[in-house]
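Let's walk through this structure together, one region at a time. Have the sequence and the 3D view at hand as you read.

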Amino acid sequence: MDAGLEGIVAAETGLSDVRGEEGRLIVRGLDLEDLVARCGFEATAALLWSGLAEPEMDEAQVARALGAARVETGKIIPRFLEVSGDMHPVEALRLGLAMLPEEAAVPAHIRATAAMPVFLAAQKRRRDGLAPVAPAANAGQAEDFLRMLHDAAPDAMRVKAIETYLVTVADHGLNASTFTARVVASTRPGILSAVIAGLCALKGPRHGGAPGPVLDMFDEIGSEDRIAGWVAERLAAKDRLMGFGHRVYRARDPRADVLKTEVARLRGTADRIAFAEKVERGVLDALAARYPGRRLETNVEFYTALLLDAVGIPRDMFTSIFAVGRVLGWTAHAFEQLATGRLVRPGAVYVGPQPAAARRLAAGAD
């Protein structure tokens, strides 16, 4: 038994293979580096849903379906804003998804995927005292999100950056939120319920909530001459260093390198990246010295923070933007679980008190 299910195999999947010892991520037969080179958001959706979701759609069909569904979501934005108010973005997103009907003409995986950026952009603008921007059916998901968020045609490099991020985090094995989505899907409440459950699991700081604190770490350190002292203080206090270490990877998280390459292409980020690299080196050297028997490397959250900040996403939205990408994996895994026909029902070892009769029997009494 392992209370964290470490090493327990709970499913077969054809979606992604996380090879922690190698620092390698394979998605439907493509190494992550090849996936981001070949596929945008819509192509990744088509790849993950292929053979699982109905109707079967190629990249162009997915793009049209998502565009139309974003426009439909726009029709309920006034009602959504009436009740979402100043909620935290994850809570607002959870509320918005709960407003969508479980059964409708448009398949639930399309509606959930399309709705997320519409809800998030509208609620962010509401919190800033601005009017929502209507979705555009003929734009890609990443482009339309940035346009709705900033009310301006987005820079192409920023669109490419956010799209690369969404593809990079689309699926990652049987992580906590994906396992949650599969468990809920196995009870057959509908795909939307599985997505909402996955989002609730993602909300926890041990899963989807770390990129924002990476920026907090940069702010606290402030300058290059403070790196060594700050890291030493945090390690002495046994504080967790955000952006480092991973439950699965025993080598460098390949997603970190993909995002580092992408953020380096953005204009105006050179100084920020140079400082981040010095922080990264300082932390890795200190971790290696303190824990010589362990391999603690940079994870996806470190360069996620830099990328999302560079494209104008506020840090309190980081976890919800993660969900905009990971919903592809949640829905694909939900379909995969449904195909097995099995209800997920693990056992447990009872360690509570025993009835008096059972205690007498255990002691050898009549």
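Which helix does Ala 356 lie in? Ala 356 belongs to helix 17, which covers residues 356-362. Keep in mind that this is a predicted model. Ala 356 has a relative accessible area of 38%, so it counts as partly exposed, since that class lies between the buried limit of 20% and the exposed limit of 50%. Leu 284 is 72 residues away from Ala 356 along the chain, and their C-alpha atoms are 55 Å apart.

Now turn to the interior. The largest nonpolar core has 109 residues, and Tyr 165, Phe 218, Ile 313 and Ile 321 are the ones that touch the most other members. Take Phe 218 as an example: beyond its neighbours within four places in sequence, it is in contact with Arg 272, Phe 275, Ala 276, Val 279, Phe 302 and Leu 306.

Helix 9, residues 176-186, has its own buried residues: Ser 177, Thr 178, Ala 181, Arg 182, Ala 185 and Ser 186. An α-helix has 3.6 residues a turn, so residues three or four places apart point the same way. Among the elements covering the buried residues of helix 9 are helix 10 (191-202) and helix 16 (318-340). After helix 9 comes Arg 188, with a positive phi near 65 degrees.

The loops are worth a visit too. Between helix 7 and helix 8 sits Asp 151, a non-glycine residue with a positive phi of about 55 degrees. Lys 238, in the loop between helix 12 and helix 13, is not a glycine either, and its phi is positive at about 60 degrees. Lys 238 is exposed because its relative accessibility is 72%. Finally, the loop between helix 2 and helix 3 holds Pro 55, and the peptide bond from Glu 54 to Pro 55 is cis, with omega near 0 degrees.

How values were computed
Residues are numbered from 1 along each chain as its sequence is written. This is a predicted model: local features need pLDDT of at least 70, side-chain atom pairs count only at pLDDT 80 or more; totals for chains, interfaces and linings use all residues. Side-chain values use heavy atoms; hydrogens and water are left out. Buried means under 20% relative accessible area, exposed over 50%, partly exposed in between (1.4 Å probe, protein chains only). Helices (H or I, at least four residues) and strands (E, at least two) are DSSP runs, numbered from the N terminus. Contact means heavy atoms within 4.5 Å. A nonpolar core is a set of buried Ala, Val, Leu, Ile, Met, Phe, Trp, Tyr and Cys residues joined through side-chain atoms within 4.5 Å.
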